[in-house]
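This report accompanies the sequence and the three-dimensional model shown below. It considers ring contacts, the ligand site, backbone features and selected distances in turn.

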Amino acid sequence: MTQSARYDAFVAKRVSIDMTRGKPAPDQLDLSQALIDEAGTAGYRSRDGIDCRNYGHLLGLPEARELGGVLLGLPASQVVVAGNSSLELMHDAMAFAMLFGVPDGEPWRKLDDVAFLCSVPGYDRHFAICEALGIRMIAVPMREDGPDMDFVAAQAASDAAIKGIWCTPLYSNPTGTIYSDAVINRLASMPTAAPDFRVFCDDAYRFHHLTERRHASADVVAACVAAGHPERALVFASLSKATFAGGGIAFLAASPRNIDWWQRHLSVRTIGPDKLNQLRHVRFIRDQANLARLMDRHRALLRPKFEAVLTTFDALLGGVPDVWWTRPAGGYFISLYTPKGLARRTVALAQLAGIVLTPAGAAFPYRVDPEDSHLRIAPSFPTLAEIELAAEGIALALLRAIETRE
Ligand code: PLP
């Protein structure tokens, strides 16, 4: 059968598979079922005798902050434990900076122009925050070891409107990039025209390895301290994809001054976080080794899905000119690159074949991929059988797009 006939035969199968978002699958969520089944046994009294049913402890339950400190490699005093979402913390940090300014800076809203550096392709929800707050986005090409630092350093040094950069240092969404130590050290040490420049470091995939090797990226908070810019880094992380996506706990880690700043503005926003969920998580996760075991179980479920996509792409797309894809060692995504101008058409053809993909361009500021060549593949949520089918459908859709291009 020709490739074209294979695409038509695939369409005739009338499959229906949603590959739009990087959500954990139900069997991954089952791994943390004890958080629900044993919720009562965690009780409501913390180790220190705190009644977690009541208000208070704005920066998080002390033992949850300790756990966060262990997991993030920082003193507990520099870690805030919050509600269920690190994205919420990123949004609030950006909103606080706009409204009130960061330590030593004026409110960003007072400036005519505020800009952020965004490596592309990147995480669409980072870009949505910038767009919602009127922050101009400057696309930065992503290299193999992180953002193009010559470009970043030149921009940051020359334009005081640039107040920061979005970073996902380990297993970036969607490229799977692992930032090198050199990139992190340069982010920490580069001179910036804006004195209140911030590295928004989204460590969402810090624990999410797809291979036996547990990669790590350099400690950006320590690098900033060493470089004489102690307030530059704000680090965000969560257990959303360790326990429950939407029911985990989130962390913010930063310098003591940034934590004071956060506390000041947070105290207007809330009387305290959900300490009951924090207590349950402390009792369930316990320590780094136990979390690593849980993440190994996630890996056992996720890795076959990634391998299925890669094996199918190798078989159907290997050697096709200008087509290539990433082989991530962690995280939730594979980036698939089509010849220029064919990403949107591939998404449309995949949709005709019953496979819904993230819209082409979604991983770019303002949803515009100037080359129209990037597709974000999210293999986590569908079943393995569905993923095997979807990978074939996506590859056949891309081949059809190439064959019928004008
Ligand atoms: N950051 C990145 C890079 C993500 O990919 C995601 C979810 O897909 C999030 C943050 C969301 O994190 P949370 O659930 O802690 O809000």
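## Charges over aromatic rings

The charged end of arginine 53 is placed over the ring of tyrosine 44, at 3.5 Å from its centre. This contact, like every other feature in this report, is read from a predicted model. A second contact of this kind involves lysine 23, which lies over the face of phenylalanine 381, 4.7 Å from the ring centre.

## Aromatic pairs and a cluster

The structure contains 12 aromatic pairs. One of them is formed by phenylalanine 96 and tryptophan 261 in an edge-to-face arrangement, with 6.2 Å from centre to centre and 85° between the planes. This pair joins distant parts of the chain, since phenylalanine 96 belongs to helix 6 whereas tryptophan 261 belongs to helix 11 (residues 256-269), and 165 residues separate them. Phenylalanine 96 and tryptophan 261 are both buried.

Aromatic residues also gather in one cluster, which is formed by Trp108, Phe116, Trp166, Phe200 and Phe236.

## The ligand site

Which residues are around the ligand? They are Ser85, Ser86, Leu87, Met90, Tyr123, Asn173, Asp202, Ala204, Tyr205, Ser238, Ser240 and Lys241. By class, this shell consists of 5 nonpolar, 5 polar and 2 charged residues. Helix 6 (residues 86-100) provides the largest share of the shell, with 3 residues.

For tyrosine 205, a polar side-chain atom lies 2.6 Å from a ligand oxygen atom. For serine 85, the distance from a polar side-chain atom to an oxygen atom of the ligand is 2.8 Å. In the side chain of serine 238, an N or O atom is 2.7 Å from an oxygen atom of the ligand. On its own, the ligand has 400 Å² of accessible area, of which the protein covers 88%.

## Cis peptide bonds

The bond from valine 120 to proline 121 is cis, with omega near -5°. Proline 121 is located in the loop between strand 3 (115-120) and helix 7 (124-133).

The bond from asparagine 173 to proline 174 is likewise cis, with omega near 5°. Asparagine 173 is also one of the residues around the ligand. Proline 174 occupies the loop between strand 6 (162-167) and helix 9 (181-189).

Histidine 57 is not a glycine, yet its phi is positive, at about 55°. The residue is found in the loop between helix 4 (39-42) and helix 5 (62-72). Is histidine 57 buried, partly exposed or exposed? Its relative accessible area is 37%, so histidine 57 counts as partly exposed.

Arginine 367 also has a positive phi, near 65°, and is a residue other than glycine. Its position is in the loop between strand 12 (355-357) and strand 13 (374-377). Arginine 367 counts as exposed because its relative accessibility is 53%, and the cut-off for exposed is over 50%.

## Burial and distances across the fold

Alanine 82 lies in the loop between strand 2 (79-81) and helix 6. With a relative accessibility of 13%, alanine 82 counts as buried, since buried means under 20%. Although alanine 82 and lysine 275 are 193 residues apart along the chain, their C-alpha atoms are separated by 8.6 Å.

Alanine 390 and arginine 45 are 345 residues apart in sequence, and their C-alpha atoms are 47 Å apart in space.

Technical notes:
Residues are numbered from 1 along each chain as its sequence is written. This is a predicted model: local features need pLDDT of at least 70, side-chain atom pairs count only at pLDDT 80 or more; totals for chains, interfaces and linings use all residues. Side-chain values use heavy atoms; hydrogens and water are left out. A residue is near a molecule or strand if one of its heavy atoms lies within 4 Å of it. A polar contact is a pair of N or O atoms within 3.5 Å; within protein, one must be able to donate a hydrogen and the other to accept it, and residues adjacent in sequence count only if both atoms are side-chain atoms. Accessible areas come from the Shrake-Rupley method with a 1.4 Å probe; for residues, only the protein chains shown count as cover. Helices (H or I, at least four residues) and strands (E, at least two) are DSSP runs, numbered from the N terminus. Ala, Val, Leu, Ile, Met, Phe, Trp, Tyr, Cys and Pro count as nonpolar, Asp, Glu, Lys and Arg as charged, and the others, Gly among them, as polar. Rings of Phe, Tyr and Trp (its six-membered ring) pair if their centres lie within 6.5 Å; planes under 30 degrees apart count as stacked, over 60 as edge-to-face and the rest as tilted. Buried means under 20% relative accessible area, exposed over 50%, partly exposed in between (1.4 Å probe, protein chains only). A charge sits over a ring if NZ of Lys or CZ of Arg is within 6 Å of the ring centre and within 35 degrees of the ring normal.
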